[in-house]
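Have the viewer open as you read.

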Amino acid sequence: MLILVVITLFTTILGQSVPNNEGSTLNNRPIIGILAQEKSPNSFKSYIAASYVKFIEGAGARVVPIWIGKDDQYYKDILSKINGVLWPGGSASFANSNGGYADSGYKIYKIAKKMNKDKDYFPILGICLGFELLTYVVANRVLHRIPCKAQNLALELNFTPDYRRSRMFSNISDNVAKILETKKVTSNQHQYCVTERALQQVNVKDKFRILSLNYDLEDCQFISSLEHTDYPFYGLQFHPEKNLYEWKIGKKIPHGQNAVEIAQYFANFFVNEARKNHHTFRNSTEEARKLIYNYSPTYTAGLENSVFMQTYIFTS
């Protein structure tokens, strides 16, 4: 009995895993890595929009920035210490092999895929550009996205018939599902689309469970949410984080109560996926050095061509 009490106290103090109602263990101190991206093709600087950091923190996790342009060992090391990865939206190119966002994402994908094959549950969430990156890396870097007109566009989701059988939506409440189906609460800001036909052409359609479809301003049907059939890899073509944290005028970002509720759903879903992973840093000192708290966001809303309220700008 004494041994049991000691073990329970030790687990609680570490905060790494506690029993949930189903009797399994979850990591209640999850840390998510967010991949930076290049500011421009020839820039020495990289950045992460602060809205993605807040998106994760608002669901009960912490954030570590993941640098671009590093070797395989760097990504293996950092993924072994964090509990999931978010690939954010942006404008980085996939065409050039320059060690940036796309190259780094591909390295992360291969490492995370092996982890999951080895029964080490490790989730990835791609948003907008990150959604496109997910299908791109699964297709072994064969380009297949097409130009489309889906910028400054708020949409409801057209769910596929079996969407509730997915991991992403299996526990969705009737209220959140109804909001997503009937209200224009998803913020679309993309100039490229991934279609069912495109996935078929690059022979990866069977690798994904397509969960919802939408139409752009010229009636091109595109995939708006999906998940990998075998691994906890998820993609949202729209921007849930913008509903909560981005206020750029003219972008038609929904900010009402319904929009906030669905945004929180996706943040909670992904952080809960990360709680299933139990990686940790070697010690609290190493952990503290890696966290985003070591950096300060810059107010960028007033800058020309900036679409972000705040941005973390790095020299890495």
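The lining of the second largest pocket divides into three nonpolar, four polar and three charged residues. Here Ala, Val, Leu, Ile, Met, Phe, Trp, Tyr, Cys and Pro count as nonpolar, Asp, Glu, Lys and Arg as charged, and the others, Gly among them, as polar. Before going further, keep in mind that this is a predicted model, where local features need pLDDT of at least 70, side-chain atom pairs count only at pLDDT 80 or more, and totals for chains, interfaces and linings use all residues. Residues are numbered from 1 along each chain as its sequence is written, and side-chain values use heavy atoms, with hydrogens and water left out.

Back to that second largest pocket: Arg-167, Met-168, Ser-170, Asn-171, Tyr-265, Asn-268, Phe-269, Asn-272, Glu-273 and Lys-276 line it, and about 250 Å³ of space lies inside. The search runs on a 1 Å grid over the protein atoms alone: a cavity is a set of points where a 1.4 Å probe fits but cannot get out, a pocket is an open set with protein on both sides within 12 Å along at least five of seven lines, and lining residues have an atom within 4 Å of a point. Grid points are joined across faces, edges and corners, and a volume is the space filled by probe spheres set on the points.

The largest pocket has a volume of about 750 Å³. Its lining has 30 residues, and Tyr-47, Gly-90, Ser-91, Val-307 and Phe-308 lie nearest the centre. Helix H5, strand E11 (186-193) and strand E16 (310-314) are the elements that give two or more residues to this lining, and E11 gives the most, with four. Helices (H or I, at least four residues) and strands (E, at least two) are DSSP runs, numbered from the N terminus. By class, the lining of the largest pocket has eleven nonpolar, twelve polar and seven charged residues.

How many of the residues of H5 are buried? Ten of the ten are, so the helix is largely enclosed by the rest of the structure. Buried means under 20% relative accessible area, exposed means over 50%, and partly exposed is in between (1.4 Å probe, protein chains only). Among the buried residues of H5 are Phe-131, Glu-132, Thr-135 and Tyr-136. Just after H5, Asn-140 takes a positive phi of about 55°.

The count of cavities of 30 Å³ or more comes to one, and the largest cavity holds about 30 Å³ of space. Its lining consists of Phe-94, Glu-132, Thr-135, Tyr-136, Val-142, Leu-143, His-144, Arg-145 and Val-194. Five of these lining residues are nonpolar, two polar and two charged.

Helix H2 (residues 50-57) is also largely enclosed by the rest of the structure, because six of its eight residues are buried. They are Ala-50, Ser-51, Tyr-52, Val-53, Phe-55 and Ile-56.

## Salt bridges

Side chains of opposite charge can pair when their charged atoms come close. A search of the whole structure finds 13 salt bridges, each a side-chain nitrogen of Lys or Arg within 4 Å of a carboxyl oxygen of Asp or Glu. Here are some of them:

| Pair | Closest N and O atoms |
|---|---|
| Glu-287 and Arg-62 | 3.0 Å |
| Glu-132 and Arg-145 | 2.6 Å |
| Arg-164 and Asp-174 | 3.1 Å |

Arg-164 sits in the loop between strand E10 (158-159) and helix H6 (174-182), with Asp-174 in H6, so the pair ties together parts that are ten residues apart in sequence. Arg-164 counts as partly exposed, at 34% relative accessibility, while Asp-174 counts as exposed, at 57%.

Asp-77, Lys-81, Arg-282 and Glu-286 are linked in a network of salt bridges.

## A polar residue in a strand

Is Asn-214 buried or exposed? At 3% relative accessibility, Asn-214 counts as buried. Asn-214 is found in strand E12 (residues 208-215), and a polar contact of 2.7 Å joins its side chain to that of Ser-224. A polar contact is a pair of N or O atoms within 3.5 Å; within protein, one must be able to donate a hydrogen and the other to accept it, and residues adjacent in sequence count only if both atoms are side-chain atoms. Leaving aside residues up to four places away in sequence, Asn-214 touches Leu-155, Glu-156, Leu-157, Asn-158, Cys-220, Gln-221, Phe-222 and Ser-224, where contact means heavy atoms within 4.5 Å.
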